[in-house]
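Subject: Structure handover and notes

Dear colleague,

I am passing on the structure below, followed by notes on what was found in it. Please read the notes with the model open beside you.

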Amino acid sequence: MAGILAGNDVEQEYLWSCTLSGSDKEYSWAPEDPTTEGKEDEENDGNVKPGHRLLIKSAILMPSAKKDEVTIVQIESEGYNKKTVIVPICAMKGGSDYQQYVDLLVPTKAKLKLLQGEGPIHLLGSHCVDFSGFRDVEAGDSEDEDEATDNDDEMEVAEEVKEKGDKKTPTKETKDDDKTEKTTMAKEDSGSKKRKASTEQTKSAEKKKKESPAK
């Protein structure tokens, strides 16, 4: 079962149980990561290790327990400022108490002990594993990849814009050159026509002089 914690951190819950009896009076809860790959890297980076918590929800005293015998379960763990805490968490009487609600959250390693009685007594609850460290590392890698991709895209766009600009510039110059050339040719044609008209006028005047009789 998965739960959402503050900051969208994901915590996975697993069913947990243990049994204490006259032949097995102690139980140690010291969770370890199932894989040992990259152990050195995990030791160097505390954010990579998942967090473990034990939630003891209920205690069940079996009917086979001796009648009127009181069964007491004790826990030993680390409290605030690394202070050792040793305290009973439930007391049940054989023949009358069969189930008791405990609701105890254990954030660190702990030892459960049958302080009195023979049991058997079952403790059950949830082993909670917080994977936020793994997600933070993966998110960081994803952000780096996205940032690199964005930078590459920006560089490609800049190069495309530059190439388009280089192609447009010579086209404009060519158009300007064509326009100048056409203007020059038009001026030359106009001058040529004027010179031709002037020559024709001169020839016509000379012809008239020759044709007119001398007085």
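A residue is called buried when its relative accessible area is under 20%, exposed when that area is over 50%, and partly exposed in between, with a 1.4 Å probe and protein chains only. This is a predicted model, in which local features need pLDDT of at least 70 and side-chain atom pairs count only at pLDDT 80 or more, while totals for chains, interfaces and linings use all residues. Residues are numbered from 1 along each chain as its sequence is written, and side-chain values use heavy atoms, with hydrogens and water left out.

By that cut-off Ser 132 counts as buried because its relative accessible area is 12%. Ser 132 belongs to helix H2, residues 132–211, where helices (H or I, at least four residues) and strands (E, at least two) are DSSP runs numbered from the N terminus. Although 83 residues separate Ser 132 from Lys 49 in sequence, their C-alpha atoms are 9.1 Å apart in space.

Strand E9 (residues 121–130) is mostly covered, with eight of its ten residues buried. Two strands are taken to pair if DSSP finds at least two bridges between them. E9 runs antiparallel to strand E2 (residues 10–20), with ten bridges joining them, and Ser 17 stands opposite Leu 124 in E9. Strand E4 (residues 51–61) also pairs with E9 in the antiparallel sense, over ten bridges, and here Ile 60 faces His 122 in E9.

A nonpolar core is a set of buried Ala, Val, Leu, Ile, Met, Phe, Trp, Tyr and Cys residues joined through side-chain atoms within 4.5 Å. The largest such core has 21 residues, and those with the most contacts inside it include Trp 16, Ile 56, Val 73 and Leu 123. At least two residues of this core come from each of E2, E4, E5, E6, E7, E8 and E9, and E4 supplies the largest share, four residues. Contact means heavy atoms within 4.5 Å; leaving aside neighbours within four places in sequence, Leu 123 is in contact with several residues, among them Trp 16, Ile 56, Val 73 and Leu 112.

Strand E5 also holds Thr 71, which is buried because its relative accessible area is 0%. Beyond its neighbours within four places in sequence, the contacts of Thr 71 include Leu 61, Cys 90, Leu 114 and Ile 121. E5 and E8 run antiparallel and are joined by six bridges, with Val 73 opposite Leu 114 in E8.

Best regards
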